[in-house]
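Please read them with the structure open beside you.

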Amino acid sequence: MVEELAQADDAVAACADAATWALAEHDLIAALDAAHRLEQRLAAVKLALVRELDGRSIATTQGASCTAVWLRDRLRLGVGAARRLVALAATLDTGPAAVRDALASGSVDVEQVRVIAETIETVYTAAGPAAADKAVGVLVDWAAQFDAAGLRKLGTRILDHVAPDIADAAAAAALEAEAVRAARDRHLTLSEQTSGRLRLIGTLDAEAAGLLRAVLDPLTAPTGPDDPRSPGQRRHDALADVCRLALRTGELPEHGGDAAQIVVTTSYNGLVGHLNAGTLDSGLPLDAGTVDSSLDAGTLDTGLQLTPETVRRLACDANILPAVLGSTSQPLDIGRQRRLITAPLRRALVLRDRGCAFPGCDRPPRWCDAHHIHHWADGGTTSLNNAVLLCGHHHRHLHHSDWTVQLSADGHPEFTPPAWLDPEQLPRRNHYHRRR
């Protein structure tokens, strides 16, 4: 087998060096089909090798705790991917031969095999081996037309085709089994990255997934035709908005005896200083590399650093308390009450602005921060005449763009666009909330 795989490796290497641009259209499509089929057939070989390695306990013989850990080191896989590989290899080994044959022939892919194996296990438990054997043929035929996600949906009613007399009762049992699986597999991992960023990886059960979509979907729509954010960036900002809303409710459990809150520590210069390198028109946070002096950066209570401009923006939010330090690191002020937007003042803002005041935005008041028009750190007062409601996206956008806001003669906020957007720089208002 080693010699045959070496020959296949040479053949693939030759294909990698081939000039795909010279292929005719039908040859290009045929080559893609052949490469995909070869990929699946190699997957069958790989799974067979993994199963044999696991069966011989080679990993533990070589000092690893298990085969998955050995594969992680040997193949540089994530430990989750390595575990799934071992599990699927075992499933294929003990499952119907028709499933292995389908993968070896290249007619199904690994994800389809995973779904077929799980579905057959359910059918076997509910209706016995005869129905399970019949289900294999049905599912393999379906795999020629549907991807793994489609197969999984069709598989929920597979008993209608192979054992209709017990389909309803088995469907209820399968639903219960899926709920147990979902409860077992649910998890959320938070991994710290460089520059204070955080990677979220996880699997939500059906209920949590529904809750998350219910709160994120209304917040992920573009805010207008000039919204530069990608769908992923909009989902990121929507999640941040949900967290701000949760902090604003005041109903989170206490943490260490205090209400849940974010504390930002900065020097006074870090709070009142301005960035000399300019701002981004995109409304996205500035990279830490654009800050002139790291001494003026802010620090979260988790130890992560923020740019001075980000600290200044956060200082507008009544749910984020600034801990301002003097030159000797002595606390000058911890969340001055006169800076915070009080409940009566917020109610007045809601009555006046009725939601995010930025032109064209439909975000309701509960998703909004109270922004100081003349920044508190620059001497601005905390008053109705110096505040405006802004959603999270437009709060960031105002801090990192050339848009400006002021109150008109009738006391309502007006926003002046940058010259590149409107050479005449005519003030604009949000008329959306007034139409309701």
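1. Ser408 touches Glu414 and Arg429, leaving aside residues up to four places away in sequence; contact means heavy atoms within 4.5 Å. Ser408 sits in the loop between strand E10 (404–407) and strand E11 (413–416). Its side chain is joined to that of Asp410 by a polar contact of 2.3 Å. A polar contact is a pair of N or O atoms within 3.5 Å; within protein, one must be able to donate a hydrogen and the other to accept it, and residues adjacent in sequence count only if both atoms are side-chain atoms.

2. Is Ser408 buried or exposed? Ser408 is buried, because its relative accessible area is 15% and buried means under 20% (exposed is over 50%, partly exposed in between; 1.4 Å probe, protein chains only).

3. This is a predicted model, in which local features need pLDDT of at least 70 and side-chain atom pairs count only at pLDDT 80 or more, while totals for chains, interfaces and linings use all residues. Residues are numbered from 1 along each chain as its sequence is written, and side-chain values use heavy atoms, with hydrogens and water left out.

4. The chain has 17 helices and 11 strands. These are DSSP runs numbered from the N terminus: helices are H or I with at least four residues, strands are E with at least two. Of the chain's 436 residues, 34% count as buried.

5. Strand E9 (residues 387–391) is mostly covered, with five of its five residues buried. On one side these are Ala387, Leu389 and Cys391, and on the other Val388 and Leu390. E9 runs antiparallel to strand E8 (residues 368–372), and five bridges join the two; strands pair if DSSP finds at least two bridges between them. Leu389 in E9 is the bridge partner of Ala370.

6. The second largest pocket has a volume of about 1,700 Å³, a volume being the space filled by probe spheres set on grid points, which are joined across faces, edges and corners. A pocket is an open set of points on a 1 Å grid over the protein atoms alone, where a 1.4 Å probe fits, with protein on both sides within 12 Å along at least five of seven lines; lining residues have an atom within 4 Å of a point.

7. Which residues lie nearest the centre of this pocket? They are Glu118, Arg152, Glu178, Arg181 and Asp185, out of 43 lining residues. Helix H11 (167–185) is one of the elements that supply at least two lining residues, and the largest share, 14 residues, comes from H11.
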